[in-house]
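Work through the exercises below with the model open beside you. Try each task before you read its solution.

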Amino acid sequence: MSGMIGDSPPRVGGPERVRGTLEYVADIRFGDALHVKLVTLDVARARIDSIDTSRAESVDGVVSVFTPEDLPSPMPRFGPQFHDRPLLATGETKYHGEPVAAVVAETPEAAARAAALVSVGHLPLDGGVFTVEAALDPSSPLVQDPSIRGPGDPRAESNVLSEHRFEWGDMESARADHVVDQTYNFPMVTQFAIEPHAFVAVPDDGGGVEVWSSVQHPFLLQKVLSQILDLPLSRVRVHAPDPGGGFGGKQNPKHEALVAFIALHHGRPARLVLSLGETFQTVRRTSARIRARSGFLSDGTIVFQEFVSDFLIGAYVDIADRVTGKSNYLAAGPYRVPNVRIVARALLSHTTPSTAMRGFGAPQLSWAREANIDQAARELGLDPLQIRLTNLARHGEQFVPNETPADGQWEEVLRRTADLIDWGAPLPEGRGRGLAVGLKSGPTTGLSYATVRLLADGSSLIFAGTSDMGQGARTIFAQIVAEELGVTHDRITVVMGDTTRVPYDQQTSASRSSVLMGTAVYNACQDIRSRLAVLVAGKHGADPESVTVEKGTVTLPDGTTTPIPEAIGVTLGRLGGEIIGNGEMRVEGDPDHPLGGRAVFFELHCAACEVEIDTETGEIEVTRYVTVGDVGKALNPLQVAGQDEGAAIMGLGHTLMERMILDGSGRILNMGAVDYRILTHMDVPEVMISDSIENADGPGPYGIKGVSEGGLLATSPAVAAAVTSASGAVIRDLPITPERIWRALQSRL
Amino acid sequence: MTHIDVQVNGEDWGLDVEAGTYLLELLRDRMQLTGAKVCCLEGECGACTVVIDGKSVNSCLILAAETDGAKITTVEALSRSDGNLDGLQTAFLEKAAAQCGFCIPGQLMAAHALLETNHEPTKAEVREALAGNLCRCAGYEQIVEAVLAAAGLPGKGGES
Amino acid sequence: MSAPTYERPSQLADAIELMERREARALAGGTDLAVAMRHGKADPGLIVDLKGIAEMAPRIERIDGFVEISANTVMTDIERDPHVQALFPALVEAAQVVGSVQIRNRATLAGNLANASPAADTPPALLALDAEVSVAGREGSRVIPVDDFLVGYRATDLGPSELITAVRLPEPLEPAGSAFLKLGVRKAMEISIVCVAASLTLGADGAITSAGVGLGSVAPRAIRPRSAEAILLGNPPSPELFARAGVAAGDESSPIDDLRAGAEYRRAMVPVLVRRALGKALERALAS
């Protein structure tokens with residue numbers, strides 16, 4: 001087992017995971033740590049009149065209770081897009097779970113006990129904005145005070161944070177034979193990583209701070225902390241141990257700055273580990289109401305697509321405005337559509353601030369767009385596969401103006417999907433089939449540095465700032481080094497997760513790491529090869545040009561070859577040492593582009609499934625599921641399959657059973673694992689097939705593209721189409737529960 | 001305080017514990033066995049799964065005081081005395097069953113308990129035995145394949 | 001709020017005495033009490049661990065025409081017991097869907113009953129199977145049908161210092177079959193939207209000589225729709241009969257809207273599930 005690209009060597013970090021010795025943030029012992037517990041209210045919206053900490057402070061073991069008075073004034077605010085989120089609620093809570101105060105104690109038990117005793121004098125306020133309708137209603141209270149909206153923001157007196165408009169062609173004169181006009185709803189769901197967020201801050205001796213966080217973007221966190229704490233970057237060290245799942249919910253800073261203030265104040269480590277329920281109050285996916293109006297010719301050719309998308313983003317923006325813009329930009333999907341108009345609004349609400357979640361808004365758009373295409377197919381008497389093939393953009397086609405052209409053989413993905421589900425084969429009674437296509441763009445800008453050190457004995461260290469949260473980043477970087485430098489897999493150590501030890505990486509998101517960091521690692525290897533060529537040539541008195549260093553082998557002018565690891569030991573000579581290679585990938589983007597830059601690549605992914613419906617109860621069984629992605633090159637096929645199948649299961653989650661439920665006061669009723677359902681082992685479709693199309697047509701080394709999000713882009717519309725095919729029931733609101741199917745069938749009687 | 005005598009991973013412990021301390025926190029905080037994880041703390045996710053007297057249980061719902069006289073096994077005990085991984089752990093690696101890894105100690109212990117009493121489980125039996133172990137990364141398939149492989153049984157496509 | 005204390009009595013009489021203290025809560029499998037404690041919904045000053053009590057030690061025994069399940073018997077023992085499997089498949093099916101294996105290795109039947117959640121899985125099966133509860137307290141011991149034991153929403157007939165010592169199910173004297181069905185959104189670790197148990201015995205002429213139906217999640221407590229049973233009794237089984245019984249069962253249900261489902265849907269599902277459970281029970285009775 002060579003561990004090179006295209007193989008599936010064992011996961012780097014695998015042994016620690018199966019031994020149970022891998023330390024996640026909550027597993028790390030900090031000798032004299034103080035434990036923090038957040039104080040929150042039982043409603044979304046309340047005016048804070050007073051905070052009485054006296055009873056809490058008298059609990060044995062409590063050291064202090066932090067309130068806004070203990071933080072700088074004006075209250076520091078942060079956020080990746082807008083600096084709107086305060087460390088603690090100021091004057092009014094804006095969502096269920098917004099921290100009002102923080103108890104600091106010697107033990108977690110004491111902190112929890114005392115948190116219940118902090119008496120917050122508050123007045124619950126009516127009129128909380130929890131729905132798209134309420135956010136658009138001009139008489140609703142403002143979620144954000146105009147004073148914290150951007151300067152000169154024309155919408156500051158509304159709950160519309162932003163409006164994104166994308167248009168091409170000529171909507172006014174576009175004529176269709178057949179129009180489908182429907183509205184779809186995608187509910188609030190949450191990332192539900194099995195590891196809840198954890199944050200530890202440790203003050204150092206010089207006024208700086210070291211922070212441990214389950215964060216996906218350690219360098220972004222470093223920047224935010226340096227700004228809020230007014231410390232130079234060099235005095236802020238972020239440790240980011242491999243997170244126990246992220247899915248976007250751990251990308252952006254949450255309570256690290258608050259914990260850092262507490263640690264610096266007390267001169268001791270401060271530790272905050274959220275409960276699973278608290279994660280529901282911390283992160284979620286943007287929910288959406290999308291009206292899609294699609295025009296077709298009678299042969300199924302799409303003439304126009306019009307979308308009015310309302311994304312309910314929560315009380316603070318986090319990255320959700322970007323989610324809204326980026327996903328809606330591709331609302332029309334991977335199709336050739338001559339006339340498009342998209343109006344997408346990011347709406348503030350008194351709810352958990354939404355953030356990035358796998359798919360970044362694309363699942364919401366697929367839900368609407370693909371369903372309209374399926375309805376058109378039904379009404380025009382067309383095959384749902386055919387109608388998509390008719391419209392799917394071909395490789396190189398400019399399917400969105402001024403944008404990266406279609407970068408894959410997308411019809412091949414769709415055809416493979418159809419083959420794998422036996423599309424067209426007869427189905428027994430009560431069974432139905434559906435398929436759908438999802439599209440998402442990769443990053444539009446980015447910067448990743450990597451350093452590779454080739455050591456004297458031919459072993460290697462890789463330094464990369466990517467976060468390995470289960471997608472297997474460490475492993476593929478090791479495979480690249482194995483491929484390029486010929487170092488065997490067992491002699492490669494990958495160092496990540498420490499801003500002091502690894503060079504800058506912008507973030508881990510947008511399925512970017514195989515391309516951006518992969519390219520940086522690849523380039524670092526090329527740097528090593530050219531340096532090695534110089535050294536070898538020098539040793540042999542030869543011209544560096546005449547020495548070839550390629551794919552793990554050094555070839556001398558006389559034709560003798562030596563594997564790189566062997567050559568290096570000899571070449572370094574008496575002084576020993578190592579060869580250090582640096583690589584980067586930098587994508588500057590384009591400030592004139594609506595998204596700040598063209599897509600580096602697309603993730604195009606198809607889903608198909610068969611379902612069986614019990615028409616008396618509405619119960620639905622997904623009997624077969626197929627997921628196929630356009631990956632360019634699967635660096636590690638087993639890891640790709642694991643990610644794609646995992647994404648499919650997550651997609652089935654929001655399709656069949658996940659939904660955050662709020663009461664009239666905006667309180668989340670189903671926080672935790674009991675009444676918020678994700679799929680279990682027993683809910684997996686009996687047949688699950690995943691496959692990849694590999695045409696080496698991506699921008700990364702070996703033609704790779706990004707993976708890991710595609711697998712849940714098209715799940716919902718594929719299942720909905722199968723449900724309709726099986727039973728006639730048409731569902732436009734997620735999740736597709738038995739009760740919803742039953743209702744839909746009842747209304748057809 | 002209650003005194004308990006308990007065997008954990010073959011080692012005997014005599015401890016005084018408070019009534020309100022749970023087994024999960026006892027293992028993690030007092031014995032530094034952090035393999036069992038904190039997630040839902042209500043018996044719904046299985047991240048805290050350990051084996052007591054041969055049975056898989058959620059350690060978050062068991063008071064330390066209840067374990068007097070018990071034999072407890074955690075994920076840390078699966079590796080052989082020579083430090084090498086056991087068959088189940090090796091299978092998990094070979095089938096790429098661990099992604100982020102956070103749920104894996106729990107999955108391993110549930111699987112371990114299953115295989116100790118059922119040497120030839122069917123796929124359905126594996127799924128049922130592990131149904132109490134939530135995973136958010138995986139499609140679950142690779143975990144099931146790993147357990148079947150560890151039992152020496154063919155998984156998907158008939159390969160062992 | 002002071003820290004709790006823990007006692008593990010080895011004799012029933014000692015346990016009863018401890019339970020007389022106001023701050024005492026009984027702990028069996030912990031799968032309800034520990035959850036409540038973790039959420040701050042229970043804060044007992046005294047935790048009385050029942051698992052050491054000799055009289056309640058895990059045991060499934062045939063005694064005097066009953067199968068008796070002692071209080072500390074856990075769900076996995078019940079699922080796997082050959083007598084229970086042969087005689088009371090509805091109880092096996094109910095026990096099998098309680099939580100997960102980890103939960104079932106600890107959760108006791110007695111605890112499930114004492115907790116009296118309206119959505120609990122085993123009470124409908126126990127109702128349909130005419131089960132009885134043995135209870136012991138300061139005043140002595142008594143036996144009471146499960147239908148009288150369950151008093152209301154999370155409320156039972158247990159007195160302040162009383163403990164369940166056993167649950168017993170009458171062995172059928174004639175060909176018998178039973179079944180349990182659970183309707184939920186996912187296939188494991190589910191709190192039912194509706195759950196249903198049905199039990200039949202058949203006479204020599206094939207007519208139904210006894211019938212039991214139990215419903216869960218459609219009322220403040222698990223209920224036994226007697227009107228459905230009256231329809232079945234004495235009649236030859238048929239799909240039409242089962243459908244009518246199902247309708248009658250539905251008429252006795254009073255479900256609510258909650259997080260998991262709407263009242264209308266639940267109400268509509270009762271006749272469907274009852275009809276199906278009766279069908280399965282009949283199949284088993286004919287095969288027995």
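Predicted model: local features only at pLDDT ≥ 70, side-chain atom pairs only at ≥ 80, totals over all residues.

**Exercise 1. Helix H9 and helix H16 of chain A**

Task: Describe how the axes of H9(A) and H16(A) cross, and list the residues that make the contact.

Solution: 
- Start with the general rule: a packed helix pair is described by an axis angle and an axis distance.
- Find the two helices. H9 covers residues 362-380 of chain A, and H16 covers residues 715-727 of chain A.
- Take the geometry. The two axes come within 7 Å and cross at roughly 35°.
- The crossing of H9(A) and H16(A) is right-handed.
- List the contact residues. H9(A) brings Pro363(A), Ser366(A), Trp367(A), Glu370(A), Ala371(A) and Asp374(A). H16(A) brings Ser716(A), Pro717(A), Ala720(A) and Ala721(A).
- Sort them by class. The contact of H9(A) with H16(A) holds 6 nonpolar, 2 polar and 2 charged residues.

**Exercise 2. Helix H9 and helix H10 of chain A**

Task: At what angle do the axes of H9(A) and H10(A) cross, and which residues make the contact?

Solution: 
- Locate H10 at residues 384-391 of chain A.
- Read the geometry. The axes of H9(A) and H10(A) come within 9 Å and cross at roughly 115°.
- Note the hand: the crossing of H9(A) and H10(A) is right-handed.
- Pick out the residues. From H9(A) come Ile373(A), Asp374(A), Ala376(A) and Ala377(A). From H10(A) come Pro384(A), Ile387(A) and Arg388(A).
- Classify them. There are 5 nonpolar and 2 charged residues in the contact of H9(A) with H10(A), and no polar ones.

**Exercise 3. Gly583 of chain A**

Task: Is Gly583(A) buried or exposed? Say which residues it contacts.

Solution: 
- Gly583(A) lies in strand E25, residues 578-587 of chain A.
- Apply the cut-off: a residue is buried if 20 or more other C-beta atoms lie within 10 Å of its own.
- Compare. Gly583(A) has 23 C-beta neighbours inside 10 Å, so it counts as buried.
- Set aside neighbours within four places in sequence. Gly583(A) is then in contact with Ala450(A), Ala520(A), Val521(A), Tyr522(A), Asn523(A), Ala524(A) and Asp527(A).
- Check one pair. Gly583(A) and Ala524(A) are 59 residues apart in sequence, yet 3.9 Å apart C-alpha to C-alpha.

**Exercise 4. Domains of chain A**

Task: Characterise the side of domain 1 of chain A that touches domain 3 of chain A.

Solution: 
- Chain A is assigned domain 1 (14-20 + 446-587), domain 2 (31-125 + 197-273) and domain 3 (358-440 + 600-746).
- Take the spacing. The C-alpha centres of domain 1 and domain 3 of chain A are 37 Å apart.
- Count the contact: 15 residues of domain 1 of chain A meet 18 residues of domain 3 of chain A.
- Find the suppliers. On the domain 1 side, helices H12 (473-485) and H13 (516-539) of chain A each give at least two residues. H12(A) has the largest share, 4 residues.
- Classify that side: 6 nonpolar, 8 polar and 1 charged residues.

**Exercise 5. Chain A against chain B**

Task: Which helix gives the most to the side of chain A that touches chain B?

Solution: 
- Count first. 43 residues of chain A are in contact with 41 residues of chain B.
- Name the helices. H1 (14-19) and H15 (637-656) of chain A each supply at least two residues of the chain A side.
- Pick the main one: H15(A) gives the most, with 8 residues.
- Finish with class. The chain A side divides into 23 nonpolar, 13 polar and 7 charged residues.

**Exercise 6. Chain C**

Solution: 
- List the elements: chain C has 12 helices and 13 strands.
- Turn to the domains. Domain 2 (55-170) and domain 3 (176-287) of chain C have centres 20 Å apart.
- Count the contact: 24 residues of domain 2 of chain C meet 25 residues of domain 3 of chain C.
- Name the largest share on the domain 2 side: 5 residues, from H8(C).
- Classify that side: 17 nonpolar, 3 polar and 4 charged residues.

Note on methods: Residues numbered from 1 in each chain as written. Chains lettered and ligands numbered in written order. Axes fitted to C-alpha atoms, helices over the stretch in contact; angles between N-to-C directions. Left-handed = near helix turned anticlockwise from the far one by under 90°. Contact = placed C-beta atoms within 7 Å. Nonpolar A, V, L, I, M, F, W, Y, C, P; charged D, E, K, R; others polar. Domains from an automatic or database assignment. Buried ≥ 20, exposed ≤ 12 C-beta atoms within 10 Å, placed from the backbone.
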